[in-house]
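Me: I have the sequence and the model open, and I'd like to learn to read them piece by piece. Please take my questions one at a time.

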Amino acid sequence: MRPWLSSLAGVAFLAGIAPAIAQTDAIALYHAKCAACHGGDRLGAIGPALLPDNLGRLGVAGAEKVIRSGRAATQMPAFGGELDDASIKALAALVYTKPATTPIWGVKEISASRVLTPAPVVDKPTFKADPLNLFVVVESGDHHVSILDGDTFTPIHRFASRFALHGGPKFTRDGRYVFFGSRDGWVSKFDLWTLRTVAEVRAGVNTRNIALSKDAKHLAVANYLPNTLVILNASDLSVEKIFDVADRKGQSSRVSAVYQAPQRDSFIAALKDVPEIWEIATNPNGEPVFGGFVHSYEKGMVEALASSQGLFALRRIEASEPLDDFFFDPDYRNLIGASRQGDHAVVVNLNTGREIANIPMPGMPHLGSGISWMRDGHRLVATPHLKEGKISVIDTADWKTLATIDTAGPGFFLRSHENSPYIWADSFLSLKNRDKIQIIDKETLKIVRVMQPAPGKTTGHVEFDRSGRHALVSVWDMDGAIIVYDATTFAEIKRLPMSKPAGKYNVYNKITFSEGTSH
Ligand code: DHE
């Protein structure tokens, strides 16, 4: 038995339950009721991993509720009829106990998880819709993905995804393949022409997101558990390299996120626990892709499975503090990273590796959702704030805050399109106004309209079609919807029922790195 499963006293302590209940064999109970789906070691199987960091914001009380009542639209049954309250509390406390030793998830484990299901050979899509104007919709309610025709807004396919996909899916430049990452570390490769999943692999135990290299040959996976950055071969999802992430002094770190930087032909990684930003060459020549400005390189980290010289060469950029949640300017020369204090952001010039500005930004900016556009010859960047109902607008000429737009409440996502004069902003995290969408004029920086697509229901995340004429809005409810709006008149065109649709992604906008959408 694993050491971290062996302490009933600890479980009872964590659960705050009486000694008599402490005798309840929570571990035996776990093995009897949970292990078949969630794995004997809690690392997940057909059900998700049951480790505190994987469970995120659910909380112990939330876990008790799920054990008691089950989880709608999943295979998680309700145990309320067969387990008493003390047993449910002991199980919830158990799954919220950190493992005493870090689970091992290296080349062997990753490779053993890989499943290949090649699709039939085709030379064109197996459907009539414009393959570049499809929308990929992640339905987080029942863990499915829907594919929509972006001209008629009609679903053409729906399939079960891995549990809890997170972050934007990543598309190959021809728009044929899309990759998804789940919080439990699963990476899935889906063929949009044959509408089939063609490969899957579990690249981590607790994963943040994925990024695809410029040439679509390599896929990077950012992990919180273990502290690794995994590079997969994007063709068959085999392991190419694993970085055990640590700073120069050897201090290990989680990886907050990894981003593709096509203009630089590299990946850029945000590290959670150490003041370094990593840049990893995805070009076999390595160094020249960084424009000759590079000072420090380290090659061949822990498991150098790739032998070519410059490929995956690592450059460490030292920062004054750990930075998270990056926004990049369109040529990927500069990034803006949020300080963990939540009150300022730091601009780093990636060519020189130096910090060039510090921008006060109270209220925890969510730079990952930032967008940029040109106004009066200046490139502006807008970012929502997770803790305040404000949108900051920064002028990249001097990296100063040009305006602060007050909204109905803290928001999560922003969207625009090069053909639209407006920014669409939600108030996703507001207590009272989470059903509001604000339309902001990109010239005047004023709110010109407030919409309430589904009164009382959390609404957020907008994506335009390839022309910019329509905007699709998510109603995040089990009984939710994607609402299609005319992006000029704001008239509702169509309402498609969906199960808690999270993000939706237009193939063309993604592969062209459209201005106004996430990359
Ligand atoms: Fe996300 C993208 C981090 C919570 C839905 N989220 C991202 C990205 C990062 C990130 C770094 C960009 C990755 C990419 O697209 O490749 N998210 C974080 C957090 O640190 C945070 C605040 C806490 C956490 O638990 O991880 C967080 N995110 C959430 C949620 O609670 C959301 C609303 C629901 C969910 O699915 O968990 C959520 N995040 C999203 C979505 C995107 C995303 C839909 C992709 C946006 C896009 O348009 O590209």
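**Loops, ligand and packing**

Me: Between which strands is the loop where Met 364 lies?
Reply: First, this is a predicted model, with local features needing pLDDT of at least 70 and side-chain atom pairs pLDDT 80 or more, while totals for chains, interfaces and linings use all residues. Residues are numbered from 1 along each chain as its sequence is written, and side-chain values use heavy atoms, without hydrogens or water. Helices (H or I, at least four residues) and strands (E, at least two) are DSSP runs numbered from the N terminus. The loop holding Met 364 runs between β20 (354-360) and β21 (371-375).

Me: What is the phi of Met 364?
Reply: Most residues other than glycine have a negative phi. Met 364 is a residue other than glycine with a positive value, near 55°.

Me: What is the omega of the peptide bond from Leu 225 to Pro 226?
Reply: Pro 226 belongs to the loop between β10 (218-225) and β11 (228-233). Most peptide bonds are trans. The bond from Leu 225 to Pro 226 is cis, and its omega is near -10°.

Me: Which protein residue is the donor to the iron atom of the ligand?
Reply: Donors are N, O and S atoms within 2.8 Å of the metal (3.2 Å for Na, K and Ca), and sites may look incomplete because water is not among the atoms. Look in the loop between β4 (154-160) and β5 (170-171), where His 166 is found. The single protein donor, through NE2 at 2.2 Å, is His 166.

Me: How many residues surround the ligand?
Reply: Here a residue counts as near if one of its heavy atoms lies within 4 Å of the molecule. The closest are Arg 57, His 166, Lys 170, Arg 415 and Ser 518, and the total is 19 residues.

Me: How many residues of the shell are nonpolar?
Reply: Ala, Val, Leu, Ile, Met, Phe, Trp, Tyr, Cys and Pro count as nonpolar, Asp, Glu, Lys and Arg as charged, and the others, Gly among them, as polar. The shell has 7 polar and 5 charged residues, and its nonpolar residues number 7.

Me: Which strand gives the most to the shell around the ligand?
Reply: Both β9 (206-212) and β33 (501-506) supply at least two shell residues. With 3 residues, the strand giving the most is β9.

Me: How far is a polar side-chain atom of Ser 518 from an oxygen atom of the ligand?
Reply: A polar contact is a pair of N or O atoms within 3.5 Å; within protein, one must be able to donate a hydrogen and the other to accept it, and residues adjacent in sequence count only if both atoms are side-chain atoms. The side chain of Arg 208 comes to 2.7 Å from a ligand oxygen. For Ser 518, the distance is 2.5 Å.

Me: How are α3 and α7 oriented to each other?
Reply: Axes are lines fitted to C-alpha atoms, for helices over the stretch in contact, and angles run from 0 to 180 degrees between N-to-C directions. Helix α3 (residues 26-33) packs on helix α7 (residues 85-95) at about 90°, with axes 9 Å apart. Angles under 35 degrees count as roughly parallel, over 145 as roughly antiparallel, 65 to 115 as roughly perpendicular and the rest as oblique. So α3 and α7 are roughly perpendicular.
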